[in-house]
Amino acid sequence: MVPWWAKGSHKGTSVVVKMENPNWSMVELEAPSEEDFLIGSTPTGSREKLRGKNAKQLTWVLLLKAHRAAGCLTSITSTFLSFGSTVRRRVASGRTDDNDIETDENKAVKTGFYNCIKVFLWLSLLLFCFEVAAYFKGWHFGAPNLQLQYILSVPLGFKDLFDWLYTHWVLIRVGYLAPPLQFLANVCIVLFLIQSMDRLILCLGCFRIRLKKIKPIPKHEAVADLESGEDSFFPMVLIQIPMCNEKEVYQQSIAAVCSLDWPKSRILIQVLDDSDDPMTQLLIKEEVHKWQQEGAHIVYRHRVLRDGYKAGNLKSAMNCSYVKDYEFVAIFDADFQPSPDFLKRTVPHFKDNEDLGLVQTRWSFVNKDENLLTRLQNINLSFHFEVEQQVNGVFINFFGFNGTAGVWRIKALEESGGWLERTTVEDMDIAVRAHLRGWKFIFLNDVECRCELPESYEAYRKQQHRWHSGPMQLFRLCLPDIIRAKISVWKKFSMIFLFFLLRKLILPFYSFTLFCIILPMTMFVPEAELPAWVVCYIPAIMSFLNILPAPKSFPFIVPYLLFENTMSVTKFNAMVSGLFQLGSSYEWVVTKKFGRSSEGDLVSLVEKGPKHQRVGSEPNLDKIQADLKQEQKTRKTKHNRIYTKELALAFLLLTASARSLLSVQGIHFYFLLFQGISFLLVGLDLIGEQ
């Protein structure tokens, strides 16, 4: 359809504009031609016609933009309404993180930390009201010297009560509050710079590894021996799968391990079931029995006395009499699925390398794109494996064992004292003790083992608490052994300062103290200042370095920076609990899994026909679909929590951002605002939503 104003001798280039609203018709607009720019050479009538036509075209363009703007406003409104209804549901449910507290000791510890945060919150609200009142009284916010000049220039007799109170408040904060706050800020800045330098050196080491193409390569004889296919060249390997009430993932891990390409006579699989649910025990035992019928060399073990969590489970399994016949042990958690060639790519590194005690492989994640939380975790763990683990493995032959997806020389475990139940990080414990006895480690960045990431903030929070309290427990226990160990001074320094203090203690300390406490307090005590490069530029550079190993995650660099600061409250609390042996440091909660990597695999196997070498029994499609529907129903009705510490810090930071707005501090305002919003979303348990 050609509009009436376009009829005539003039023909231009057509531009089609599609309206999103179906009530609007499609309109053909004409772009200007050369005649439109030569108005002076055209007759007066033609000029008027062109002007009228261009005016109508402009009207349609403006209508289109107005339509899009209305659609955008509608979308924003619906988003805010949805957010408001979600908040009301969270508040109405009344479920907070306090419901997880099981003992009086844990309750006292967590309540004490929460009370400290509330003190800062109420203090900030009081000071904010005080500063707003002073603002309307004409006091200057941006320059402390102007405040002092104002105080000294006004005679005391002419000051009313409020001026007298505010005058003394300014003098108190200048003389007593600002100096210690500035000192603490400077200490945290120094720690921040040291940790940033360590991060930069690690990235340079990773860049060198990529540039020089450095990677551990097994001896050619070992690879040739495996390819020859003779059993005499295949060492005896014990495989352990510790699990506890993980009925969502037990099938996939057992199936993957039973499918390893290794002679059946030279491998034994131990399914170490610590489940206290009778139904889960029965299901796992039945799965093991089915694989035994298929010819797999697999046994089921269940402990009567379930002491020591995972460490106790592994220790009990290593006490079996037949373990002495095996040379190596590979460990996989219940949600891990090694590829069939896993042993062929790891075990050859041990041949003719008697000092090698551990070969650790990288994790890959089947649900990294499930929601924002899993995407941010993928950034963190990608940096951990590709940078931290790889650099430490190449240059100092030591790193923390990740607890799974690794192969140990059994002799190294025995000489190091075996598994101990004294901490919640038994993997790091055995790695430290093995390194002190001279054993070397290798990290294989090109060998991946599939697993799952926690999809809910509740599960991720508990996991991070265990991962950050355990190292501090271990540091207190291992420090005397490290000092007395017969290793070089450099290795002692590396283990004490870099491995424990800098990366396990200093990082959560300054992250929480500097960005969650000191920064908002400097808004109310402006005489103590934090430079803009500390608040914005250095954190942005560090986030950029962290995200390099996961380049597809660059759009999430800002949420990653904010979320890492948000998690600092959990990590700081865990670090303090572990360092001072508080009750919550000994909590062990199995991370919740959904069996993401098994759902699609099982359904596809039904469509293609059963393959007994990959699954232990012929899957029932109807049962799988019923289970999936039940799982989806459970997810829809899941109970979200309100996290009180995160919400308290959210209001503290938002109050400080409002105070910084009065002081016209641009970067500080935006950082505090967005960081406060980040705490608010996490506190309302919205970070794990799809």
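This is a predicted model: local features need pLDDT of at least 70, side-chain atom pairs count only at pLDDT 80 or more; totals for chains, interfaces and linings use all residues.
We can start with empty space. Rolling a probe the size of a water molecule over the atoms shows where such space is left. Two cavities of 30 Å³ or more turn up in the structure, and the second largest cavity holds about 40 Å³ of space. Its lining is made up of Leu 272, Asp 273, Asp 274, Arg 301, His 302, Arg 303, Asn 313, Ser 316 and Ala 317. Strand 4 (267–273), strand 5 (298–302) and helix 8 (309–318) are the elements that each give two or more residues to this lining. Helix 8 gives the most, with three residues. Sorted by class, the lining of the second largest cavity has four charged, three polar and two nonpolar residues.

Two packed helices are described by the angle between their axes and the distance between the axes. The axes of helix 14 (residues 489–524) and helix 15 (residues 532–547) come within 12 Å, crossing at roughly 160°. Angles over 145 degrees count as roughly antiparallel, so helix 14 is roughly antiparallel to helix 15. Their crossing is left-handed.

Which residues in helix 14 and helix 15 meet? From helix 14 come Leu 514, Phe 515 and Leu 519, and they meet Val 534, Val 535 and Pro 539 in helix 15. The residues of this contact divide into six nonpolar, no polar and no charged.

Conventions
Residues are numbered from 1 along each chain as its sequence is written. Side-chain values use heavy atoms; hydrogens and water are left out. On a 1 Å grid over the protein atoms alone, a cavity is a set of points where a 1.4 Å probe fits but cannot get out, and a pocket is an open set with protein on both sides within 12 Å along at least five of seven lines; lining residues have an atom within 4 Å of a point. Grid points are joined across faces, edges and corners, and a volume is the space filled by probe spheres set on the points. Helices (H or I, at least four residues) and strands (E, at least two) are DSSP runs, numbered from the N terminus. Ala, Val, Leu, Ile, Met, Phe, Trp, Tyr, Cys and Pro count as nonpolar, Asp, Glu, Lys and Arg as charged, and the others, Gly among them, as polar. Axes are lines fitted to C-alpha atoms, for helices over the stretch in contact, and angles run from 0 to 180 degrees between N-to-C directions. Angles under 35 degrees count as roughly parallel, over 145 as roughly antiparallel, 65 to 115 as roughly perpendicular and the rest as oblique. A crossing is left-handed if the near helix is turned anticlockwise from the far one by less than a right angle, and right-handed if clockwise. Contact means heavy atoms within 4.5 Å.
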